[in-house]
Protein chains: 2
Amino acid sequence: MEVINRYVTVETQINGEPKESNFEIKSTPLVLSAEPGSNDVVLKNLYVSIDPYQINRLKAYTLTQKTSGYATAITPGQATCWLFYFYFYSVIDAYGVAKVVASENPEFEKDDLVVGMITWGEYSVLKGQYMLRKLDPMGFPLSYHVGIFAFSGLTAYAGFFEVCKPKKGEKVFVSAASGSVGHLVGQYAKQFGCYVVGCAGSKEKVALLKDKLGFDDAFNYKDEPDLKSALEKYFPEGIDIYFDNVGAEMLEAAVSNMNTFGRIAACGVISEYTDSGKRAAPNMLEIVYKRITIRGFLTADFMNLYPDFLSATVDHLRTGTLHTLEDISTGLESIPQAFVGLFHGGNVGKKIVKLADE
Amino acid sequence: MEVINRYVTVETQINGEPKESNFEIKSTPLVLSAEPGSNDVVLKNLYVSIDPYQINRLKAYTLTQKTSGYATAITPGQATCWLFYFYFYSVIDAYGVAKVVASENPEFEKDDLVVGMITWGEYSVLKGQYMLRKLDPMGFPLSYHVGIFAFSGLTAYAGFFEVCKPKKGEKVFVSAASGSVGHLVGQYAKQFGCYVVGCAGSKEKVALLKDKLGFDDAFNYKDEPDLKSALEKYFPEGIDIYFDNVGAEMLEAAVSNMNTFGRIAACGVISEYTDSGKRAAPNMLEIVYKRITIRGFLTADFMNLYPDFLSATVDHLRTGTLHTLEDISTGLESIPQAFVGLFHGGNVGKKIVKLADE
């Protein structure tokens, strides 16, 4: 059987803010069969993840050579993939849930649900080495397996517990607190017994953090002309842990308000992703005197925590002590807008695009 | 017996670079006896330490409230002391070696050699709570007990082994490498089995690092128009550990050259001490992707390592596998110049002022 596969591609390297016009939707005929004797798998994609970090693979700015493969650039018009090679050019790989259409890999059968690195397309053809596993939905929506049970959830869990090393009663500040990771960090921190304040970019998001997610307090950073003073107001006793998703001025303001032996988990720097000239210049004198630790981390280094994370998170969800925020658009053509929106606070919680019904 | 005690005082708060004119030498009559029934000790000072961090207590710029007492400002014309109270106004406390002249503290007797927080003066009168202990010179010069056996040595040892957590074969970069701490860090790192490159501010210092102290390589940062490229040249395989004594551009350049899981010990930021507007703006995106840790530390937190540090350091000195660099001036009147010189690379190794013969 042959179908027309539509997929998102990047037509120009992205400099600065991504625009919808950077993306194009292309169509290619695709035979829904795997090459006999190969290890290939053909998937019908159901849900794909839309993540800010993907900008670092799409933009012209590249990190220094020593950076590791996580930000390897995807060059327009070339075979692009990081973990595996695709059948066609310029597809963009992304985490997602799919259904097996054809498989020459003995681990997967037709109609299996799978989760792993697929593509921003209606179908994915995975060849060579790829990262995929069979999915047991455990009674949860499939979208949960793209968000809370995937990198967003593990990032929040590992970042908070392993990188921040919290103690009960400590004061925790989370930026981008209604984002895919931030809203979970705040809830894990509350459950653990910390005092938690989050910041977000709208009145509605702030209300959500306080009323639905149980943050002790929250504020709209756009209403605060002076972030350092704002943090002084929300943390009269100082900040012990800052879970940083944004970088730049917020990081500087947090350093000024940190307590001695404060810890900063550098999870993301969304404010710097689209502007390589924008930098945080934290006061190093305070970092020395207050013995502050700033630690960058990637979730891929904490896969060993996945079983603990999953069991704790499933329990919390079943008992209603954890809420996940999802922001789901529908249809392949919504991907460019969904992605661009991430850099303007367009999403509330985990941004996911639904491509097809199960 | 009454003497004239001469001491250094700060007459104006210091903004920016310290100048000799910020200091004044005053004289006060002093009776060389301790008040009966008190805990007072009167000392004749022999050697005092001259340290860059003292600027942070002398300058108008003060850190945020949450900083801890280590940078509590000394205000001109007021009783000033941090650990204890002095008999007179505006003396400046400093680490040093002294001889007991009179004591009402049962722990100390006349003619005992002591080490601890004394003053930039010819005599010190310590009242209330003070930090002092009897000194066993162990056959080493008294000056060693102000430098290598005191904070400089422990800072290098604890900073390198506890904060940097080195592995054999790792690549180590040390800035201000001929300074009081840096020259010891480099030698501990070499002994441990690391590859070590240091930077300093003159040809003579660079030669000293390579020829006398056994650094694998060294360079004069003043000869390098582009620090990032310079570090690329000296570390073609990247930097695993950066022992940062300077902050600012050097920290940025080091971050760009760090390997994954690199560690940065933020020990001091001499380039920022005298210019609160000067800041490092490291690339946070590299900190995240390369999982770099930046950790500020103070030696006071590692006093528990003192016995291990002392025994290892004494052994190395006795077997000739460790060299200490000392830069000793003589006489109270040399203190202002010695201090000001620290901020212009005037010293080679630990800066000490000798005030009197034993």
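Five residue pairs are in polar contact between chain B and chain A, both residues of each pair being at pLDDT 80 or more. The model is a predicted one. On the side of chain B that touches chain A, α5 (227-234), α6 (248-257), β13 (258-266), α7 (270-273), α8 (284-289) and β14 (293-296) of chain B each give two or more residues.

**Interface and symmetry**

- Contact between the chains involves 51 residues of chain B and 51 residues of chain A.
- The copies meet through the same surface, because 100% of the interface residues of chain B are also interface residues in chain A.
- About 4,000 Å² is buried between chain B and chain A, and carbon and sulfur atoms give 62% of this area.
- Chain B is superposed on chain A by a rotation of 180 degrees with 0.0 Å of shift along the axis, at an RMSD of 0.0 Å.
- The two copies are therefore related as by a two-fold rotation axis.
- A281(B) is the residue of chain B that comes closest to the rotation axis, its C-alpha being at 2.0 Å.

**Salt bridges across the interface**

- Two salt bridges are found across the interface of chain B and chain A.
- In one of them, the side chains of R291(A) and D301(B) meet at 2.6 Å, N to O.
- A salt bridge also forms between the side chains of D301(A) and R291(B), at 2.6 Å, N to O.
- This pair joins two chains, because D301(A) lies in the loop between β14 (293-296) and α9 (306-318) of chain A, while R291(B) lies in the loop between α8 and β14 of chain B.
- D301(A) is partly exposed, with a relative accessible area of 27%, whereas R291(B) counts as buried at 7% relative accessibility.

**Salt bridges within a chain**

- Over all chains, a search of the whole structure finds 34 salt bridges.
- In chain B, the side chains of K171(B) and E237(B) form a salt bridge at 3.7 Å, N to O.
- K171(B) is in strand β9 (residues 171-174) of chain B and E237(B) is in the loop between α5 and β12 (239-244) of chain B, so the pair ties together parts that are 66 residues apart in sequence.
- E237(B) counts as exposed, at 59% relative accessibility.
- In chain A, the side chains of K233(A) and E224(A) meet in a salt bridge at 3.6 Å, N to O.
- K233(A) counts as exposed because its relative accessibility is 54%, a value over the 50% limit.
- E224(A) counts as buried because its relative accessibility is 16%, a value under the 20% limit.
- R6(A), E122(A) and E333(A) are linked in a network of salt bridges.

- A176(A) has a positive phi of about 50 degrees although it is not a glycine.
- The position of A176(A) is in the loop between β9 (171-174) and α3 (182-192) of chain A, and the residue is partly exposed, with a relative accessible area of 29%.
- F261(A), likewise not a glycine, has a positive phi near 60 degrees.
- F261(A) belongs to strand β13 (residues 258-266) of chain A and is partly exposed, with a relative accessible area of 43%.

Methods. Residues numbered from 1 in each chain as written. Chains lettered and ligands numbered in written order. Predicted model: local features only at pLDDT ≥ 70, side-chain atom pairs only at ≥ 80, totals over all residues. Heavy atoms only, no water. Helix = DSSP H or I, 4+ residues; strand = E, 2+ residues; numbered from the N terminus. Buried < 20%, exposed > 50% of the residue type's maximum accessible area, 1.4 Å probe, protein only. Least-squares fit on C-alpha atoms with pLDDT ≥ 70 in both. Contact = heavy atoms within 4.5 Å. Buried area = accessible area lost by both parts, 1.4 Å probe. Salt bridge = Lys/Arg side-chain N within 4 Å of Asp/Glu carboxyl O. Polar contact = N/O pair within 3.5 Å; in protein donor to acceptor, adjacent residues only side chain to side chain.
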